[in-house]
Amino acid sequence: MAKKATNSVRGVNYSTSPLLASKTPPWRSRFLVLLVGGAFLVLIARALYVQVLEAEFFQKKGEERFASTLSLSASRGRILDRNGQILAISVNAPTISINPQQFKANADQKRQLVSLLGMKPQELETKLAEDSAYAVLRRQIDGGVAQEIRKLGIKGITLEPGYLRRYPENESAAHVVGFTDIQDEGQEGIELTFQKQLQGHGGSRSVVKDRLGRIVEDLGEPVDPRDGSDVQLTIDSKVQALAYQRIRDAVQQHHAKAGSVVVLDAQTGEILALANYPSYLPEERHNRTGAQLRNRAVTDVFEPGSTMKPFVVSKALELGLVKPDMMIDTSPFMVGPLRVNDDPHPHPALTVSQVIQKSSNVGTVRISQKIEARDMGEMYQALGFGSKPQIGFPGAATGKLRPWRSWKPVEKATMSYGYGLSASLLQIARAYTAIARDGELAPLTLVKGEEATASVQIFQPETVRTMRQMLRGTVQPGGTAPLAQPLGYSAGGKTGTAEKMENGRYKSGNYRAWFTGISPIDKPRVVVAVMLDEPKPIYFGGLVAAPVFKGVVEQTLRTLGVPPDLEVKPQVVAQIGGTEPNKTTSH
Amino acid sequence: MTRVSLILLLALMGSGLYLVKVSYEARKLFADIERAKADEHQLAAEATRLDAERRSEGTHLRVERDAREKLQMRLPTPDATLYVAETRAASGGAR
């Protein structure tokens, strides 16, 4: 039919068309074949490029159109005290961002938003005018504020998950717990030491999203996030808080530069409290000074002074060289170039017990001269002096103790009353556990369930029982620290006061005062060590550190539920179950 | 033969439509689960936050300060405490 039509129009038969008569040159057909063939080659090459050479890239690009990978955040583990109270916890603190192109809010919503975020309206307008699809409004906002913002239902606002570290105990436990930086990495204290354990491991999940950004399907198995593990400390947050409070008040009252207090469980060696003042707020990253950050009880070393005397006397008792009521000549005498005396309160002669009670340097040197340097040196070493406490704390000081072989007689003399060696407050407190637990030095632990190093037997049980009775004398009238006597509990301890050494010289006028003690004396439960740095104008350990000891012991033992072992004049007026009032049982 | 084909065609169409319905429902349920999971996550986070907040409101330091300053309370000393000996009937010890 088509043919006919053509015929009718043109009036020329196709087969007789004159065009057919003209000869086509052969290159035309070859050219066409080449052209088409070439086009196919290009196609094959492109296919090869897309499907083989760059397959991965194109697949990825394709997936991006519908699939997206979400990162799942994991939270950092908590730090708990011995009773499970929270010392550090990560809370949700989202980052709030906007998409300026999609942002839709009425004037009222905008007003509420800026007031919730604490921004100036101008600031929000500047962000909204940005020519991008993403602008951060605020990072790490409070979870409560985030909830309010969610409720506003403003379009174009995104809350990205994030965490903020909270420290409920604030400054009182700051030196133990430490803090994290903005990347959630531990910077100090337990946060730093246990970074690996506390750290969470984020997960990821591949999903298919629809046009509105809703997840419609999972692609493959998601990788679940793993939250960090909790760390439980031996610290008792109640004891910690009251110890901090006591040392803070004492530092302020005595115009001291700083102060520290350590409370140890006398039987297990667990650290119940470790507080320093000045302290800092772990949640505030600004305005921290090195002086605030220093965990003085662990990092600062000083000459332990008189607190060493009980060990020397114990050794002499143990070796049978002295007896508690033996008289010792305490008149001043010379050891090499050194004149040993007991200024400002000289005594002609004292019993061994009184040497401890009155803290006599002459008496202690006389007693130490009966002991071999080797016995004394090895005992100091066994008590943990000159070796780093194994508590895994950053910056724990080792202190100095020269090997006994190199001691000269004058050095042995000064070392007997605690000069010529150095130790941290924590080391001194630990050494006292040997007196508190029948001659055995307790291993120090700060983390619950952590393998403790074996305890070491240094003295015989009878020796230290005698020594504890002698130490009791110091807190009684006539002793060096009657202010340390707690109400209702028996206690014993030793004061220390020393001029501070700076750059190898004693700095006149600047003192350090401390007190280390045990309570109750028959069945010791706690060892408490208190140190004040540069108290003014009163600087004697028995006057500034001893009252802190008393306060901490009274409240700690009460918190631990230890009944008083001393008779107290009762003021109880209530009557329980028909029993006589005004009756206090003593144990 | 034609009839069998017709039946198969109808069955195919039916199952096709059913597939559409089922996958629609599956997506809807999936979206619900997603929402519920997000809610769960958010509530858990909120609970943690509130717990932390409650702890900071009730720290020992703060309680002690408020008790002392606002309520004029003081800590009981052993001389103002009546210690009851522990018996079998009433275990508890010091109070």
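Predicted model: local features only at pLDDT ≥ 70, side-chain atom pairs only at ≥ 80, totals over all residues.
**Entry 1: chain B on its own**

I began with chain B. I counted its elements and found two helices and zero strands. Next I looked up the radius of gyration. Chain B has 35 Å, whereas a compact globule of 95 residues would have one near 12 Å. I then took the box along the principal axes. The C-alpha atoms of chain B fill roughly 105 × 40 × 15 Å. How much of chain B is buried? Buried residues make up 8% of its 95 residues.

**Entry 2: where the chains touch**

I turned to the contacts between the chains. On chain A, 35 residues are in contact with 26 residues of chain B. I listed the elements of chain A that give two or more residues to this side. They are E3, helix H7 (143-152), E9 and helix H11 (237-253). Which of the elements gives the most? H11(A) does, with five residues. I also sorted the residues on this side of chain A by type. They divide into 16 nonpolar, 13 polar and six charged.

**Entry 3: the open sheet**

I followed one sheet of chain A strand by strand. Four strands form it, in the order E7-E3-E2-E10. The sheet is open, and its pairing is mixed. Which strands stand at the edges? Strand E7 (163-166) and strand E10 (231-232) of chain A do. Each has a single partner strand, so one side of each is left without a neighbour in the sheet.

I looked at one pairing within it. Strand E3 (residues 86-92) of chain A pairs with E7(A) in the antiparallel sense, over four bridges.

**Entry 4: E1, E8 and E9**

I moved on to another run of strands in chain A. Strand E1 (residues 67-72) and strand E8 (residues 203-209) run antiparallel, joined by six bridges. Thr69(A) stands opposite Ser206(A) in E8(A). E8(A) also pairs with strand E9 (residues 215-223) of chain A, again antiparallel, over five bridges. Here Lys209(A) faces Ile215(A) across the pair. E8(A) and E9(A) form a hairpin with five residues between them. In its turn I found Gly213(A) with a positive phi of about 85°.

**Entry 5: E11 and E12**

I checked a further hairpin of chain A. Strand E11 (residues 258-265) and E12(A) run antiparallel, with six bridges between them. Leu264(A) has Ile271(A) in E12(A) as its bridge partner. Five residues lie between the two strands, and Gly269(A) in the turn has a positive phi of about 80°. Is strand E12 (residues 271-277) of chain A buried or exposed? Seven of its seven residues are buried, so E12(A) is largely enclosed by the rest of the structure.

**Entry 6: backbone exceptions**

Most residues other than glycine have a negative phi, and most peptide bonds are trans.

Cis bonds came up at two prolines. The bond from Tyr277(A) to Pro278(A) is cis, with omega near 5°. Pro278(A) is in the loop between E12 and helix H12 (290-293) of chain A. The bond from Lys536(A) to Pro537(A) is also cis, with omega near -10°. Pro537(A) lies in the loop between strand E23 (526-533) and helix H21 (541-544) of chain A.

Asn170(A) has a phi of about 50° and is not a glycine. I located Asn170(A) in the loop between E7 and helix H8 (174-177) of chain A. Asn170(A) counts as buried, because it has 21 C-beta neighbours inside 10 Å. Asp438(A), not a glycine either, has a positive phi of about 55°. Its place is the loop between helix H19 (425-436) and strand E19 (440-441) of chain A. Asp438(A) has 17 other C-beta atoms within 10 Å, so I logged Asp438(A) as partly exposed.

Methods:
Residues numbered from 1 in each chain as written. Chains lettered and ligands numbered in written order. Pairing = 2+ DSSP bridges. Contact = placed C-beta atoms within 7 Å. Nonpolar A, V, L, I, M, F, W, Y, C, P; charged D, E, K, R; others polar. Rg over C-alpha atoms; globule rule 2.2 N^0.38 Å. Buried ≥ 20, exposed ≤ 12 C-beta atoms within 10 Å, placed from the backbone.
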